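Please look through the structure shown below. The paragraphs after it go from the sheet to the helices and then to the whole chain.

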Amino acid sequence: MLTRDQAVAAAAAFLKSRAHPDRADSVVMLPDTAVDFAYGRTVRFDFREHIETGDPTQAPFSSVVVVPHDGSPPHFAPTFPPVATYMEMRAAGNWPPRKG
């Protein structure tokens with residue numbers, strides 16, 4: 001199981017090298033927002049420009065990174081369902097949802 005610090009570091013590496021390499025210097029991790037779930041940890045981040053200006057156009061579209069406990073790659077949480085529901089569904093093996 002990952003510690004909070006390990007999850008934050010993994011999320012930061014994902015953001016700076018894969019998700020937002022063009023804005024790597026702007027990524028600000030928010031370690032106090034990390035939440036532990038059975039499936040993994042979630043960690044929020046923001047962009048420096050959004051923090052400094054409050055301009056909503058400078059905010060990340062999705063600000064939650066999921067770092068699975070099983071060592072699979074970090075990824076963004078979907079915008080729906082809510083993060084806690086998504087994490088419960090992943091832990092139960094119910095993601096992606098079955099259709100019809």
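Four strands form an open sheet in the order 1-2-3-4, and their pairing is antiparallel. Strands here are DSSP runs of E with at least two residues, helices are runs of H or I with at least four, and both are numbered from the N terminus. Two strands count as paired if DSSP finds at least two bridges between them. Strand 1 (27–36) and strand 4 (75–76) are the edge strands, each pairing on one side only. The model is a predicted one, in which local features need pLDDT of at least 70 and side-chain atom pairs count only at pLDDT 80 or more, while totals for chains, interfaces and linings use all residues. Residues are numbered from 1 along each chain as its sequence is written, and side-chain values use heavy atoms, with hydrogens and water left out.

Strand 4 is joined to strand 3 (residues 64–68) by two bridges in the antiparallel sense. In this pair, Val66 stands opposite His75 of strand 4. Helix 1 (residues 4–19) packs on the sheet and touches strand 1, strand 2 (40–47), strand 3 and strand 4; a contact means heavy atoms within 4.5 Å. The direction of helix 1 makes about 140 degrees with that of strand 1. Such angles run from 0 to 180 degrees between N-to-C directions, with axes fitted to C-alpha atoms, for helices over the stretch in contact.

Which residues of helix 1 are buried? They are Ala7, Val8, Ala11, Ala12, Phe14 and Leu15, where buried means under 20% relative accessible area, exposed over 50% and partly exposed in between, with a 1.4 Å probe and protein chains only. These residues lie on the same side of helix 1, because they cover an arc of only 160 degrees around the axis, taken from the directions from the helix axis to the C-beta atoms. The buried residues of helix 1 pack against strand 1, strand 2, strand 3 and strand 4. Asp5, Ser17 and Arg18, on the other side of helix 1, are exposed.

Helix 3 (residues 83–92) lies across strand 2, strand 3 and strand 4, and runs at about 145 degrees to strand 2.

Along the sequence, the protein follows the pattern α-β-β-α-β-β-α. Its radius of gyration is 14 Å, close to the 13 Å that the globule rule gives for 100 residues, so the protein is as compact as a globular protein of that length. The radius is taken over C-alpha atoms, and the rule is 2.2 Å times the number of residues to the power 0.38. Buried residues make up 37% of the 100 residues.
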